[in-house]
Amino acid sequence: MIAPASPADADARRRRRSRPPSGRTSLWKSRGALAAYVFILPYVLFFLVFRIAPALFAGVLSLGDWSLGGEFEFTGLDNYARLAEDDLFWNALRVTAVYTAIAIPLTIAMALAMAQ
């Protein structure tokens with residue numbers, strides 16, 4: 001019969017399991033990982049330049065008053081307050097919501113009907 005292990009033995013086993021293998025290289029030193037990063041880099045740069053940067057720029061512009069030839073004047077949330085009071089905006093929002101509520105289900109129904 002085998003005697004139960006002591007708590008010290010259990011701790012030693014746990015420490016052995018938690019250590020990383022000694023022959024492992026870092027992620028940057030691996031030739032395959034470096035090649036993967038080189039192939040991914042153009043997409044990441046394209047995404048940052050053409051998606052993230054314009055969205056951030058639009059967010060900054062929405063908080064100010066700027067004409068193409070003039071200076072940028074920070075106005076804070078005044079543009080949004082003025083927008084909330086505009087009846088034309090609420091009408092456009094309502095028309096867009098109605099169009100979306102009708103067009104999307106109708107398009108999906110037509111596509112499913114044609115797929116049969």
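Trainee: What should I know before reading the values?

Mentor: This is a predicted model, so local features need pLDDT of at least 70 and side-chain atom pairs count only at pLDDT 80 or more, while totals for chains, interfaces and linings use all residues. Residues are numbered from 1 along each chain as its sequence is written, and side-chain values use heavy atoms, with hydrogens and water left out.

Trainee: How many helices and strands does the protein have?

Mentor: Helices (H or I, at least four residues) and strands (E, at least two) are DSSP runs, numbered from the N terminus. Here there are 4 helices and 2 strands. Read from the N terminus, their order is α-α-β-β-α-α.

Trainee: What share of the residues counts as buried?

Mentor: Buried means under 20% relative accessible area, exposed means over 50%, and partly exposed lies in between (1.4 Å probe, protein chains only). Of the 116 residues, 4% count as buried.

Trainee: What share of the contacts joins residues 24 or more positions apart?

Mentor: A contact means heavy atoms within 4.5 Å. Among contacts with a separation of 6 or more, 0% are between residues 24 or more positions apart.

Trainee: How is the surface described?

Mentor: Accessible areas come from the Shrake-Rupley method with a 1.4 Å probe; for residues, only the protein chains shown count as cover. The protein has about 10700 Å² of accessible surface, and carbon and sulfur atoms hold 68% of that.

Trainee: Which residues make the nonpolar surface patch?

Mentor: Like charges are joined within 9 Å, and nonpolar side chains (Val, Leu, Ile, Met, Phe, Trp, Tyr) within 5 Å. This patch covers about 1200 Å², and its residues include I40, Y43, V44, F47 and L56. V44 lies in helix α2 and is partly exposed at 34% relative accessibility.

Trainee: How many aromatic pairs are there?

Mentor: Rings of Phe, Tyr and Trp (its six-membered ring) pair if their centres lie within 6.5 Å; planes under 30 degrees apart are stacked, over 60 edge-to-face, and the rest tilted. The whole structure has 4 such pairs. One of them, Y43 with F47, is stacked, at 6.0 Å centre to centre and 25 degrees between the planes. Y43 and F47 are 4 residues apart in helix α2 (residues 31-61), so about one helical turn separates them. Y43 is exposed at 54%, and F47 is partly exposed at 34%.

Trainee: What is the geometry of the pair F57 and W66?

Mentor: F57 and W66 are edge-to-face, with 6.5 Å centre to centre and 80 degrees between the planes. F57 is partly exposed at 48%, and W66 is partly exposed at 38%.

Definitions and conventions
Patch = residues over 30% accessible without salt bridge, like charges linked within 9 Å, V, L, I, M, F, W, Y side chains within 5 Å. Salt bridge = Lys/Arg side-chain N within 4 Å of Asp/Glu carboxyl O.
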